[in-house]
Amino acid sequence: MSRAGEYPDLPEPLPAPVADNHTHIDIPAGDEPRPVGRLISDAAVVGVDRIVQIGCDLDSARWTVEAIDAHPALLGGVALHPNDAARHADGTHESGVGYDEAFAEIADLARAPRVRVIGETGLDRYRTGPEGWDAQARSFRDHIALAKELGKVLQIHDRDAHADIIEVLARDGAPDRTVFHCFSGDATLARLCVDRGWYVSFAGNVTFKNAGELRTALSVVPLGRLLVETDAPYLTPHPHRGRPNASYLVPWTMREIATVLEVPLGEACAAVSATCDDLYGPW
Ligand SMILES: [Zn+2]
C-alpha cells in the first residue's frame, strides 16, 4: 500500500460540532476504501456530526436516497452533474439514458423528505468542451426550477464559469437558498454572492499553500454566510494533500477558516453549524 493511497490519521477534534456541507461518500477512495459507517463515525469523533451526501449522477443519486434513510447523520442532495448532463444530452453517457429521462428520475428522487439539496448543478468549462455548454445551461436551469418548485437548497458547481453562472442566476432568479459549493472565485465574486444573499462553501483547497486568492475571498464572507465542506474524496486539506479525503478531515479546513477570519475556532464552528441548520432544517 502506498502512503498516497492511505487515509490520514484523525485530526484533533473541533471544540464544537459542524456539518460537512458537501461530500461524496459513495465514491470509493484510497487503496482500502472505508465503509460508510466508519466514515460517518470517524467524522463524529472529531466533531463533524452531520454530513450532506451529494449524489450527482443517476446511480449515485439512487444510492444517496437509500443511504440517508439508513444513516441519521446524513442528509442528501441529488442532481445531474454538469459534465454528466452534457453526456446524457449528446447520447454518450455510459448509462445509455437520455437527458430528459435522467432529469425526470432526479426530479422524482428529489422529492424524498431527507433530500434537502438540489445539486451539484451548474456549469463546468474545464471538463466539458464548448459543444456541451448548451446542454449544461439547460440542465442548470432545469435544476434551478426544480429547487424552487420543491423549496430545496440549490448547490452550485462552478468550474471556470463564474460569469456565466451569475448570468443564468440573474436571468432565471436564484432559489431562496443558494450555495456556491467548493467556492473557487476571487473576493469580488465572494462579495457579489454575499450581496445577493447567497452562501459560500469552502473546501480543503482553501488550506493549500498557493491558495492566497481564495483566502482573500474567504476573508470577505461574513460568518453567517459561510459553510465548510470536504468535496471528498477530492481536495484533501493541507497537510494531507494528495491522500484520500473524508468528512473527518474537516477540522483542518475549519481551523484555516477561523485563522483567516481571525475568530476563535469555537465561534466559527458554532456559526457554520447554525447556518447549516437554517439552510437544511433538522437532520
Ligand atoms: Zn462535489
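Helices (H or I, at least four residues) and strands (E, at least two) are DSSP runs, numbered from the N terminus. This is a predicted model, in which local features need pLDDT of at least 70, side-chain atom pairs count only at pLDDT 80 or more, and totals for chains, interfaces and linings use all residues. Residues are numbered from 1 along each chain as its sequence is written, and side-chain values use heavy atoms, with hydrogens and water left out.

**Zinc site**
- The zinc ion has the protein donors H22 (NE2), H24 (NE2), E120 (OE) and D231 (OD), at 2.1 to 2.3 Å.
- Donors are N, O and S atoms within 2.8 Å of the metal (3.2 Å for Na, K and Ca); water is not among the atoms, so sites may look incomplete.
- Along the sequence, the spacing of the donor residues is H-x1-H-x95-E-x110-D.
- The arrangement is irregular because the four donor atoms subtend angles of 87 to 175° around the zinc ion.
- Four donors count as tetrahedral if all angles lie between 85 and 135 degrees; four count as square planar and six as octahedral if opposite donors are over 155 degrees apart and all others between 65 and 115; anything else is irregular.
- H22 is buried, at a relative accessible area of 0%, and H24 is buried at 4%.
- Buried means under 20% relative accessible area, exposed over 50%, and partly exposed in between (1.4 Å probe, protein chains only).

**The loop between β8 and α9**
- D231 has a positive phi of about 50° although it is not a glycine.
- P233 lies in the loop between β8 (226-228) and α9 (250-261), and a cis peptide bond with omega of about 10° joins A232 to P233.
- P239 is also placed in the loop between β8 and α9; H238 and P239 are joined by a cis peptide bond, with omega about 10°.

**Helix α2**
- Buried residues of α2 include L58, S60, A61 and T64.
- The buried residues of α2 pack against β2 (48-55), β3 (74-78), α3 (82-90), α4 (99-109) and β4 (115-124), where contact means heavy atoms within 4.5 Å.

**Strand β5**
- Six of the seven residues of β5 (residues 153-159) are buried, so the strand is largely enclosed by the rest of the structure.
- β4 and β5 run parallel and are joined by six bridges; two strands pair if DSSP finds at least two bridges between them.
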